Amino acid sequence: MIVATNGDETWEGKVGESIRDYFNQDYEVLPQQEPLFSIAHLAESQLINNKMFKAHHNILIIDIDANISENQIDARKDLWSSPQRVIKISSPSEDEFVSFFDEKKEIIHEILMDSEHERLIKMFRAFRDHDILNQVKANFGFTMEIPGGFYVAKKSAGFMWIRKETQHNSQGIIIYTYDFIDTLAFDQARIISFRNAMTEEFIPGPSEGSYMVVAEEYSPFYSKQIDFNGMFAIETRGLWRLEGDFMGGSFVNYTFVDERKNKVITIDGYIYAPNKPKRDLLIQMEAIAHSLSFVK
């Protein structure tokens, strides 16, 4: 992400400190420390006069000017490039900015993450695996933008495991569905219990008798309500490990209801990347999940 300010003095003072403190906090939930966003600082004049910088997909512009009467935030889509989000915050003073940014920072983060997902979905769409897309559509009644390199590792009624293996990392998508009975389907304990049941049955490890489970003892997982492509959903994040072996990583789980079929659907993305950065791999899994589109 590019952050453009009036100059170095603004960036090195309380304005820059408040931005860095927020965006440098740990991305949830990873087994190692990685920031929400990697930040590059520029003077606003450098940004405006450089086509390469203006083509960046996430840009935050900070304008501190005593002639500004009140705090303002302006978010624009595809201003200089596509996909792109350009957010400009204007404040009459540094103190006013710090207070205003603290109030709006989570909304800003959501806008920037939407842009990141949109960028990845656009890229994945250009390299989509049509065979996997058709298998997902036939089994669940929706499509996702899953790029080449993935393959269907296991499939049964109401279940599919799609994975990608490279020399340095692994990524996987687990999809499963079952009848919606009541709102306990959105209970955190139920979501974790159901995930463990699915992975024990269908996701084996390399050693005989090993299988994937949620690593509840290593790090707390957390859940929150989100708007998932216009639907109510529960997003759950945590760490996974292998029962009976020594592997682990992060996962993000989206649970929602297909009201047309009265079915609970879970899309779960996990990663494994020992001794490597993991944030961007997990964001890729988020983007694939967010690319969901029901077949009409």
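In the hairpin formed by β11 and β12, with two residues between the strands, Asn 229 adopts a positive phi near 50°. This is a predicted model, in which local features need pLDDT of at least 70 and side-chain atom pairs count only at pLDDT 80 or more, while totals for chains, interfaces and linings use all residues. Residues are numbered from 1 along each chain as its sequence is written, and side-chain values use heavy atoms, with hydrogens and water left out. Helices (H or I, at least four residues) and strands (E, at least two) are DSSP runs numbered from the N terminus.

**The hairpin and its strands**

- Strand β11 (residues 222-228) pairs with β12 in the antiparallel sense over seven bridges, where pairing requires that DSSP finds at least two bridges between two strands.
- Tyr 222 has Arg 237 in β12 as its bridge partner.
- Asn 229, in the loop between β11 and β12, is partly exposed with a relative accessible area of 36%; buried means under 20% relative accessible area, exposed over 50%, and partly exposed in between (1.4 Å probe, protein chains only).

**Salt bridges**

- Side chains of opposite charge can pair when their charged atoms come close.
- With a salt bridge taken as a side-chain nitrogen of Lys or Arg within 4 Å of a carboxyl oxygen of Asp or Glu, the count comes to 18 salt bridges.
- Asp 268 and Arg 195 meet through their side chains in a salt bridge (2.7 Å, N to O). Because Asp 268 lies in strand β14 (residues 263-272) and Arg 195 in helix α7 (residues 188-202), the pair ties together parts that are 73 residues apart in sequence. Both Asp 268 and Arg 195 are buried.
- The side chains of Glu 286 and Arg 237 also form a salt bridge (2.9 Å, N to O). This pair links distant parts of the chain, with Glu 286 in helix α8 (residues 279-290) and Arg 237 in strand β12 (residues 231-243), 49 residues apart. Glu 286 counts as buried at 1% relative accessibility, and Arg 237 counts as buried at 6%.
- Glu 243 forms a salt bridge with Arg 241, their closest N and O atoms being 2.9 Å apart, and Glu 243 counts as partly exposed at 31% relative accessibility.
- A network of salt bridges links Lys 77, Arg 85 and Glu 118.

**Surroundings of Asn 253**

- Asn 253 lies in strand β13 (residues 248-258) and counts as buried at 1% relative accessibility.
- Its side chain is joined to that of Asp 268 by a polar contact of 2.9 Å and to that of Thr 255 by one of 3.0 Å. A polar contact is a pair of N or O atoms within 3.5 Å; within protein, one must be able to donate a hydrogen and the other to accept it, and residues adjacent in sequence count only if both atoms are side-chain atoms.
- Not counting residues up to four places away in sequence, Asn 253 touches several residues, among them Tyr 176, Arg 195 and Asp 268, contact meaning heavy atoms within 4.5 Å.

**Backbone exceptions**

- Most residues other than glycine have a negative phi, and most peptide bonds are trans.
- Asn 275, in the loop between β14 and α8, has a positive phi near 60° and is exposed, with a relative accessible area of 79%.
- The peptide bond from Glu 28 to Val 29 is cis, with omega near -20°, and Val 29 is placed in the loop between α2 (14-23) and β2 (40-43).
- Ser 82 and Pro 83 are joined by a cis peptide bond with omega of about -10°, and Pro 83 is placed in the loop between β4 and β5.
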